[in-house]
Amino acid sequence: MKILMYNSVDKEVSYVKAWAAKTGHEVVTVFEPLSVDNVDKAQGFDAVTTQQTTDVPAPIYQKLASYGIKQIALRQVGYDVFDLPAAFSNHIRLSNVAAYSPRAIAEYTLTQLFNILRNNKKFDRAMATGDYTWAAGGQVREIYQLTVAVIGVGRIGTAFAQMLHALGAKVLAVDPIYHAQNEAFVEYTTLDDALSRANVISFHTPLNAETQGLADQDFFAKVQPETIMLNMARGGIVDMDALESALLSGQLYGAAFDVTPNENEFMDQKQAVAELPENIQRLIQLDNFYLSPHIAFYTNTAIKNMVEIALDDAVIMANGGHTENEILR
Ligand code: NAD
């Protein structure tokens, strides 16, 4: 089978070659995302895959169908780039890679929790000015003393909760979906109860109507003094003005965010500080706020799985088969 891989990036190439050698399929890579301007490159191929943040509009599905292509395999989770009605009306089946490495995000969340807990940014900044004393940060808490509220205990939240439990922390789980097997390492409770007891709050939910702006002023009013907030999920979950106030007032001990609202304006790009959104410029000045450029997922396991799962699904769906990664609505 001949597969065209749109928006291929250097870090994927070795995994693509290994997959092609293993399966005997041919993969041709192009470096631009799938667009109206380059969909014609798919002529003569049996299947396509892409990863992109730009939309895949209606004419693309019509063209792919006219070339006899029956699917698009996305090498990422978020599939809001697709026009689902247009795809389905043209009989183009879609897939995503819903779970490429939950541990990757969980490990990074843990990394940032320790960075905040141990005041690493404060010490780095002090040492950069020649201050090697212990003055930059006070005595800190150890992880077994912490109660952590994991908001959203799905794939990533579960992996994070297991790591915390293994380290001796008390873990509170907030999720409308209950998994009995998680009782071995979490205590399920309500959001309000979790906020009243937690020293750390970590978001691992999707962004949806319920979670959009979930952490607003009312939410922050309920959290304990000196709470640590972690958001590796989606920027829109947290009201950034309320976050800034909570960091400045000392209600939050610190926060680490891998995602922000409107992050597509600057994440994964070279960007002068002065061109960042003004609230982000202010936040990154704070020595108890960590911003990272949406890299929680970025491990060799995750990239390998994104490539292999998407290519496997491309073959399965082009052959009319079933994959659990198919997007059905
Ligand atoms: P998942 O679907 O496995 O789990 C999400 C969980 O959130 C589900 O159990 C769901 O029931 C729960 N949930 C939904 N609404 C809720 C609410 N209002 N309150 C509490 N829980 C709620 O998803 P996942 O794979 O674990 O991903 C979680 C988040 O991590 C997503 O937002 C995803 O986009 C993000 N993510 C970030 C990165 C990164 O690099 N920073 C990488 C991958 C995924």
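1. A polar contact, as the term is used here, is a pair of N or O atoms within 3.5 Å. With that in hand, welcome to this predicted model.

2. For M232, a polar backbone atom is 2.9 Å from a nitrogen atom of the ligand.

3. Now take in the whole shell. There are 24 residues around the ligand, and R155, I156, D175, T205 and M232 come nearest. By type, the shell divides into 12 nonpolar, 7 polar and 5 charged residues.

4. Next, have a look at helix α1, which spans residues 13-23. Its buried residues are Y15, V16, W19 and A20. They cover an arc of only 135° around the axis, which puts them on the same side of α1.

5. What do the buried residues of α1 pack against? Their partners are the strands β1 (2-5) and β2 (26-29), together with helix α11 (300-318). Just after α1 comes G24, with a positive phi of about 85°.

6. Two other residues with positive phi deserve a glance. N7, in the loop between β1 and α1, has a phi of about 50° although it is not a glycine. D268 is not a glycine either, and its phi is positive at about 60°; you will find D268 in the loop between β11 (252-257) and α10. Are these residues buried or exposed? N7 is buried, with a relative accessible area of 18%, whereas D268 is exposed at 78%.

7. Helix α11 comes up again through A314, which belongs to that helix. A314 is buried, and its relative accessible area is 0%. Leaving aside residues up to four places away in sequence, A314 touches A47, V48, Q71 and A73. The chain also brings A314 and K70 to 9.3 Å from each other, C-alpha to C-alpha, although 244 residues separate them in sequence.

8. Finally, two asparagines. N182 lies in the loop between β7 (170-174) and β8 (187-188). Its relative accessible area is 3%, so N182 is buried. Beyond residues up to four places away in sequence, N182 touches V153, T158 and Y188. N279 lies in a helix, α10 (residues 278-285). With a relative accessible area of 19%, N279 also counts as buried, because the cut-off for that word is under 20%. Which residues does N279 touch, not counting those up to four places away in sequence? They are M240 and E244.

Note on methods:
Residues are numbered from 1 along each chain as its sequence is written. This is a predicted model: local features need pLDDT of at least 70, side-chain atom pairs count only at pLDDT 80 or more; totals for chains, interfaces and linings use all residues. Side-chain values use heavy atoms; hydrogens and water are left out. Buried means under 20% relative accessible area, exposed over 50%, partly exposed in between (1.4 Å probe, protein chains only). Helices (H or I, at least four residues) and strands (E, at least two) are DSSP runs, numbered from the N terminus. The arc is that of the directions from the helix axis to the C-beta atoms. Contact means heavy atoms within 4.5 Å. A residue is near a molecule or strand if one of its heavy atoms lies within 4 Å of it. A polar contact is a pair of N or O atoms within 3.5 Å; within protein, one must be able to donate a hydrogen and the other to accept it, and residues adjacent in sequence count only if both atoms are side-chain atoms. Ala, Val, Leu, Ile, Met, Phe, Trp, Tyr, Cys and Pro count as nonpolar, Asp, Glu, Lys and Arg as charged, and the others, Gly among them, as polar.
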